[in-house]
Amino acid sequence: MGETIFNGIGASPGIVIGRAYLLDRRKVVVAEQPRVSDATAKDEVARFKRAIESARLQLDDVRKRVTKDLGKAHRHILDTHIMLLEDKMLVEGTIKRIREEKLRAEAGLAETVAAIGLKFDAMEDEYLRERKHDVEQVAERVLRNLMGRKQESLADIREEAIIIAHDLAPSDTLLMRKEKVLGFATDVGSRTSHTAIVARSLGIPAAAGLEKITASVRTGDVVILDGNHGTVIVDPDEETFLDYLRRKQRYKYFEQELDKLKDLPAETPDGHRIHLQGNIELPEEVATVAKHGGTGIGLYRTEFLFLNRQHLPTEEQHYVAYRDVVERSAPHEVVIRTLDVGGDKVGLPGHGEQEPNPALGLRAIRFCLQNRDIFRTQLRGIFRASAHGKVKILYPMISGLTELQEIKRVMGEVRAELRAEGVPFDERIEIGVMIEIPSAAMTADLLAKEADFFSIGTNDLIQYTLAIDRTNEHVAFMYEPLEPAVLRLLQRVSHAAHEGRIGLAMCGEMAGDPLYAAILMGLGFQYLSMNVAAIPWVKKVVRSVRMQDAVELADLVMRQPTAALARQAAESFMHQRFPDLMAEM
Ligand code: PEP
Ligand code: MG
């Protein structure tokens, strides 16, 4: 049989070749069983309770042994699982089923989990969908205990291997023997799933969303995992094998070269400083920014805080999370973006109405201005955190000056409240406007008079400028940062920022692609914020290109009448100067 190629999502960069280790996370199948007698049902309840207790001991043990370098931040997920072992719906629900329906413990549990799943499905809420997943993972552990099945763990791996699994639970990744795990490949998951985040923070290559890879791989198979592109090749042909061996060596060498830049400043040879910062969603990602040589957080997306709670976060919860990030990032700054829900982002607990055209709907700042309590609570949390380090506030989806003025009024009220309460905060906190709607780009000169900095969100700016739904794969091919219309808007915003003497940043994906780095420098961007893995690559470009050359390149690219010609100009510049880097992209 020849090689089989699986294409998924690149969840953590790097290339590895090794033997597969299929982690058995298939669902334990509970066969139908005859009903039991009253007396036996009692025994079954006792057996179920013992299995729960064993699960608790097992998870406690995991908790104790959690590898230090993962830190306490990941432990709360484990705590959630431990708490689920006391969950009423799960535990009492199962006991009730065993007693009333005279079921064996396994069947009682399986039926309860299925019923809970149906409830969650009906709620159609991302947060709850994730909870369903947690319940299933915990129940699986209890089922295995009931059936006397081994709890297979990544701690047991003896040989180096690439882990192939349907999904990986936090208890898997937290316990793994890091030195033995070459990479992860999972059927499900995305770039923002927990496993992906852990993989990136440990520098382990990973691919997710491979759909049915577990059905085609057996332990011991030779596997190539390319975490840059999300590709996994099972039983590679000799030619593919040699090709990837070369790619792997080249990539490794290149990474080592990039690593040498880590502690060097992102400064052009003629002395212009560009601030390279990280985009984060979770506090635990802070460490990875410094590790990749970034200076501060240019975009802290705060949606996560809202999605992982059953209720809206309290002011204290906002404050604690932001303070944590701010303290861990010191002495560097943290740009905290206020809530951006709606559009392709999920709804909030209690605010999940479907809109016919969500990308053009009640999203981000529009939502916040209509839900003042939620907005003010978040603002108070951010202000309070500003007493602990350098904080800037960034507002998403601003469409024009009226909104900005309204926000500033609310900020004024919140400031007055805090002052009256004697709560300390940074009186000079900077206000940033995300430029991601064409109307904001067109009126950037007006906005510049009332803001301290701009941060361009190209993910949305491109979507709205070119009328391309960013979530629709059918038009994804049209998603092009080098479209003349997009470039002209960037130039216009840059001009307004410089005229108004305010800061200019970019935090959309465009900022993290080394192909565009010199163009953006030439267009006058002082801050580029990106996914952390991209920082060394962009730094390489910054440290090699003189500002004068960057300005000339930007001019040349701006003059091109089509995106294709602009791309040609950019690529030819990069091929001449960075043949190695281009080969890796
Ligand atoms: C953007 O739109 O470019 C951006 C950075 O924000 P998000 O991707 O969160 O919408
Ligand atoms: Mg955006």
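## Aromatic pairs

In this predicted model, Trp-537 counts as buried because its relative accessibility is 12%, under the 20% cut-off. Tyr-251 is likewise buried, with a relative accessible area of 5%. A search of the whole structure finds five aromatic pairs. One of them is formed by Tyr-251 and Trp-537, a tilted pair with 6.1 Å centre to centre and 35° between the planes. This pair links distant parts of the chain, since Tyr-251 belongs to helix α9 (residues 238-259) and Trp-537 to helix α21 (residues 535-544), 286 residues apart. Ring pairs also join Phe-254 with Tyr-251 and Trp-537 in a cluster.

Phe-375 and Tyr-395 have ring centres 6.2 Å apart and planes at 70°, so the pair is edge-to-face. Phe-375 lies in helix α14 (residues 372-385) and Tyr-395 in strand β12 (residues 391-395), 20 residues apart. Phe-375 is buried at 0% relative accessibility, and Tyr-395 is buried at 0%.

## Charges over rings

The charged end of Arg-247 is placed over the ring of Tyr-244, 4.4 Å from its centre. For Lys-392, the charged end sits over the ring of Phe-453, at 5.0 Å from the centre.

Glu-436 is in the loop between β13 (430-435) and α16 (438-442), and Asp-460 is in helix α18 (residues 458-466), so the pair ties together parts 24 residues apart in sequence. Both Glu-436 and Asp-460 are buried.

## Cysteines

The whole structure contains zero disulfides. The sulfur of Cys-368 has its closest cysteine sulfur in Cys-507, 16 Å away, which is too far for a bond. Cys-368 is buried at 0% relative accessible area, and Cys-507 is buried at 1%.

Notes
Residues numbered from 1 in each chain as written. Chains lettered and ligands numbered in written order. Predicted model: local features only at pLDDT ≥ 70, side-chain atom pairs only at ≥ 80, totals over all residues. Heavy atoms only, no water. Helix = DSSP H or I, 4+ residues; strand = E, 2+ residues; numbered from the N terminus. Buried < 20%, exposed > 50% of the residue type's maximum accessible area, 1.4 Å probe, protein only. Disulfide = S-S within 2.5 Å. Phe/Tyr/Trp six-rings, centres within 6.5 Å; stacked < 30°, edge-to-face > 60°. Lys NZ or Arg CZ within 6 Å of the ring centre and 35° of its normal.
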